[in-house]
Amino acid sequence: MKLTTVWLDGLWDRNPGLIQLLGLCPLLAVSNTIDNAIGLGLATLFVLVMSNASISLIRHLVDEAIRLPSFVLVIAALTTSAELLMQAFDYPLYQSLGIFVPLIVTNCLILGRAESLARREPLLISTMDGLAQGLGFFFVLVSLGAIREWVSDIVILAALPPGAFITLGMLVAIHQVIQKILKRFRSNNKSDRKGRRVRTTGDIS
Amino acid sequence: MTLRLALFALIASSLVGVIYVITEPMIIESKEDARNKRLYSLAEPLLGKGKIGNPINKVLANDAPVSLINPLPVTPINNGKLQIGAVIPFRALDGYSGTIELLLALDVERRIVGVRAIDYEETPGLGDKIDVQKTDWILQFNGLRYVDLSPTAWAVTKDGGQFDSFTGATMTPRAVVEALAETLAYFETYPEIVGSGK
């Protein structure tokens with residue numbers, strides 16, 4: 001597994017918020033303001049990086065039987081630590097995020113990365129993957145927060161729960177369109193390298 | 001394998017334990033800070049003349065309104081031996097989404113020094129306009145005494161009172177205004193809770 005793939009996957013190709021659609025509960029609930037989005041994004045990033053790193057470290061010690069309990073244990077301990085640290089260093093932020101900080105434990109993104117990558121890959125790759133996926137999640141969360149906070153002055157709906165779904169849907173659609181254009185661009189480049197082919201069937205437009 | 005799991009549990013819980021021990025005093029301090037910051041910003045006009053004292057639990061008589069918890073934790077503002085005002089928590093039970101917790105600062109003449117919504121679940125963009133961080137709505141009570149207005153004027157405009165209700169969210173300001181009026185009326189009967197002298 002290459003590091004560039006890890007970064008591309010996390011930030012764009014397999015973005016947790018836009019493609020894998022993991023961790024939707026906090027993504028939708030806490031994206032009503034930028035401040036909240038940044039706070040929860042950073043807390044999730046912290047837990048994800050630390051959990052990927054520690055799970056990669058213990059990957060040779062766990063077998064099938066104790067895999068899930070060990071992972072959940074690691075994630076829960078890290079989340080509780082993040083919660084305590086946030087209370088100590090930024091209490092107002094902790095208050096405004098409320099229940100969503102302890103709920104990081106149940107963010108499927110974190111267990112998902114542990115299960116699909118960190119339990120097989122070495123420390124560096126796993127840590128980088130945590131960072132890339134966490135940042136991917138962070139950027140989507142913050143964009144959602146920014147758009148919703150900005151639009152809610154004009155349309156109240158944007159600040160309400162349905163607004164979160166609609167805005168996320170639009171972001172996913174934009175991502176798909178860009179992805180499609182990129183794909184066409186890439187395949188065009190490929191065929192150019194192979195040399196020009198003369199088209200013999202179908203419409204030419 | 002079970003042994004390994006136990007070992008992981010031990011390591012994980014000691015990590016949490018260590019962080020807990022380190023952060024505990026900081027958390028207590030930041031909670032206290034947050035509380036004091038609120039009290040200070042609320043009672044600021046009184047602080048030129050007095051200092052914030054330690055909260056005292058006052059047992060209220062049976063005719064206390066539902067907006068006040070009993071016993072009531074009153075934070076006095078003291079000038080020497082005289083109490084020149086108080087910061088009092090109260091609540092509006094019938095907000096749009098449950099209870100709204102508020103803080104009220106009164107001077108010795110039971111004039112409103114400040115009111116703030118502290119904890120609420122009201123709809124963002126609608127009911128949360130009671131929050132001073134969103135709009136100035138709650139500042140309009142400053143300087144008022146209960147006796148300055150007729151009892152019927154202590155209501156939102158929709159109910160014939162004199163305080164603005166928000167378009168699309170009447171329940172929130174109605175709950176706040178009614179709870180505030182109830183609370184103020186109670187202290188007109190029991191002024192000694194608020195202060196003892198000038």
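Predicted model: local features only at pLDDT ≥ 70, side-chain atom pairs only at ≥ 80, totals over all residues.
Where in chain B is the place of B:Ile138? B:Ile138 sits in the loop between strand S6 (112–119) and helix H2 (171–189) of chain B.

Is B:Ile138 buried or exposed? B:Ile138 is buried, because 21 other C-beta atoms lie within 10 Å and the cut-off for a buried residue is 20 or more. Apart from neighbours within four places in sequence, the residues in contact with B:Ile138 are B:Val115, B:Arg116, B:Ala117, B:Ile130 and B:Val132.

With neighbours within four places in sequence left aside, B:Gly53 is in contact with B:Thr75, B:Pro76, B:Ile77 and B:Asn78. B:Gly53 and B:Val87 are 34 residues apart along the chain, and their C-alpha atoms are separated by 10.0 Å.

These two residues can now be set within chain B as a whole. Chain B contains two helices and six strands. Starting from the N terminus, the order of its elements is α-β-β-β-β-β-β-α. Chain B is more spread out than a compact globule, because its radius of gyration is 21 Å, well over the 16 Å that the globule rule gives for 198 residues. Taken along the principal axes, the box filled by the C-alpha atoms of chain B is roughly 75 × 50 × 35 Å. Of its 198 residues, 34% count as buried. Among the contacts in chain B with a separation of 6 or more, 51% are between residues 24 or more positions apart.

Chain A is built from eight helices and zero strands. Its pattern along the sequence is accordingly written α-α-α-α-α-α-α-α. The C-alpha trace of chain A spans about 70 × 55 × 25 Å along its principal axes. Buried residues make up 39% of the 205 residues of chain A. Of the contacts in chain A between residues at least 6 apart in sequence, 77% join residues at least 24 apart.

One helix pair within chain A can be followed in detail. Two packed helices are described by the angle between their axes and the distance between the axes. For helix H3 (residues 34–57) and helix H6 (residues 108–118) of chain A, the angle is about 30° and the axes are 10 Å apart. Angles under 35 degrees count as roughly parallel, and H3(A) and H6(A) are therefore roughly parallel to each other. The crossing in which H3(A) passes H6(A) is right-handed. On the H3(A) side, the contact is made by A:Val47, A:Leu48, A:Ser51, A:Asn52, A:Ile55 and A:Ser56. On the H6(A) side, it is made by A:Leu109, A:Ile110, A:Arg113, A:Ala114 and A:Ala118. Sorted by class, the contact of H3(A) with H6(A) has seven nonpolar, three polar and one charged residues.

The next step is from chain A to chain B. How many residues of chain A are in contact with chain B? There are 22, and they are in contact with 20 residues of chain B. Helix H4 (67–89) and helix H5 (91–97) of chain A each supply at least two residues of the side that touches chain B. H4(A) gives the most to this side, with eleven residues. By class, the side of chain A that touches chain B has 15 nonpolar, six polar and one charged residues.

H4(A) packs with helix H1 (residues 2–47) of chain B at an angle of about 10°, and their axes are 8 Å apart. H4(A) and H1(B) are therefore roughly parallel to each other. Residues of H4(A) in this contact include A:Pro69, A:Leu73, A:Ala77, A:Leu84 and A:Ala88. From H1(B), the residues include B:Leu5, B:Phe8, B:Ala12, B:Ile19 and B:Met26. The contact of H4(A) with H1(B) has 17 nonpolar, six polar and no charged residues.

Terms used. Residues numbered from 1 in each chain as written. Chains lettered and ligands numbered in written order. Axes fitted to C-alpha atoms, helices over the stretch in contact; angles between N-to-C directions. Helix = DSSP H or I, 4+ residues; strand = E, 2+ residues; numbered from the N terminus. Parallel < 35°, antiparallel > 145°, perpendicular 65-115°, else oblique. Left-handed = near helix turned anticlockwise from the far one by under 90°. Contact = placed C-beta atoms within 7 Å. Nonpolar A, V, L, I, M, F, W, Y, C, P; charged D, E, K, R; others polar. Rg over C-alpha atoms; globule rule 2.2 N^0.38 Å. Buried ≥ 20, exposed ≤ 12 C-beta atoms within 10 Å, placed from the backbone.
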